Amino acid sequence: MAAPIAYSLIATDLDGTLLRGDDTLSDRSLAALAQVTASGARHLVVTGRPAPRVRPLLDILGSGGLAVCGQGAQVYDAGADRLLWSVTLDRELAETALGKIEAEIGQVYAAVDQDGVDGLTLIEPGYLMPHPTLPAVRVGRRDDLWCAPISKVLLRHPALSDDELASTARAVVGSLATVTMSGPGTVELQPCGVTKATGLALAAEHLGLGPGQTVAFGDMPNDIPMFDWAAHGVAMANAHPELKAVADEITLSNEDDGIAVVLERLFAERLYPTG
């Protein structure tokens, strides 16, 4: 009799985790995920990227299922190209939060991800995209950022480190928004109480699965709630120290197929039956 599947749900972050530095997926990672899903497990992308920026990668993965996007603010159905669930960040609260942050540390540069399957990423003058390969529309002034509903605000400071900016933002924003750090040059404000874990829990429930059946992979502090929710959390070798501190396991880096290494081990009897 074949051995039971160790985990039924594989939750993977994208940037710094499943994706290599050039925004590509390795053949080994693609093969491991394809074999794992063929064995009966489900793969969920759980990312800070908004749904429109995830669609091309889901096509490469051959996924017509669900994805958790926008730091948990969106549950996207790729097959139907629609959001099953989404929550927006109140634009007045976002402006107030930005004002509090700038009163504390001076000017920051902001961008927003608009809500919806065709939402744009808008960037104000001075803001530099941390991922230059991702499309963005530059607006003339900050007020133009608020022209349509948004899922989150992205922040950069000309001098402070990401850790310093995130720490200050958390201290002054309070309950106006949830502050996350999701990658180099990526500190974000999202709706209060929304995390990757809340989005993952909704998607998992839709699939009839739960935390005890889930292994999660990530690299940044925004993945901590996901690790807290899942039965097993795997940090990449290149992960932020805060995530490594709470991980159940540390694998190789995203450049060295760290996800594939773990999946090949966890699903060894299904991927490579011996008799």
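How much accessible surface does the protein chain have, and what percentage of it belongs to carbon and sulfur atoms? The surface comes to about 11,300 Å², with 52% belonging to carbon and sulfur atoms. Areas here follow the Shrake-Rupley method with a 1.4 Å probe, and for residues only the protein chains shown count as cover.

The model is predicted: local features need pLDDT of at least 70, side-chain atom pairs count only at pLDDT 80 or more, and totals for chains, interfaces and linings use all residues. Residues are numbered from 1 along each chain as its sequence is written, and side-chain values use heavy atoms, leaving out hydrogens and water.

**Whole chain**

Start with everything selected. The protein chain has 10 helices and 14 strands. Both are DSSP runs numbered from the N terminus: helices are H or I with at least four residues, strands are E with at least two. Along the principal axes, the C-alpha atoms fill a box of roughly 65 × 40 × 30 Å.

Colour by accessibility next. Of the 275 residues, 54% count as buried. Buried means under 20% relative accessible area, exposed over 50%, and partly exposed in between (1.4 Å probe, protein chains only).

Now show contacts (heavy atoms within 4.5 Å). Among those between residues at least 6 apart in sequence, 58% join residues at least 24 apart.

**Thr12**

Select Thr12 in strand E1, residues 9-12. Thr12 is buried because its relative accessible area is 0%. Its side chain makes a polar contact with the side chain of His43, at 2.7 Å. A polar contact is a pair of N or O atoms within 3.5 Å; within protein, one must be able to donate a hydrogen and the other to accept it, and residues adjacent in sequence count only if both atoms are side-chain atoms. Show the surroundings too. Leaving aside neighbours within four places in sequence, Thr12 contacts residues including Leu18, Val46, Phe217 and Ile259.

**Two loop residues with positive phi**

Most residues other than glycine have a negative phi. Go to Asp23, whose phi is near 70°. Asp23 sits in the loop between helix H1 (14-18) and helix H2 (27-38). Its relative accessibility is 18%, so Asp23 counts as buried.

Move on to Asp81. Its phi is positive as well, about 50°. The loop here runs between strand E4 (74-77) and strand E5 (82-86). Asp81 counts as partly exposed, at 35% relative accessibility.

**Glu104**

Select Glu104 in helix H4, residues 91-105. Buried or exposed? Glu104 is exposed, with a relative accessible area of 53%. Not counting residues up to four places away in sequence, Glu104 touches Thr168 and Val172. Then pick Arg142: from Glu104 it is 38 residues away in sequence and 19 Å away in space, C-alpha to C-alpha.

**Gln213**

Finish at Gln213, in the loop between helix H6 (196-206) and strand E12 (214-218). Gln213 is partly exposed, at 31% relative accessible area. Its side chain reaches the backbone nitrogen of Gly210 at 2.9 Å. Beyond neighbours within four places in sequence, Gln213 is in contact with Tyr7, Ser8 and Leu9.
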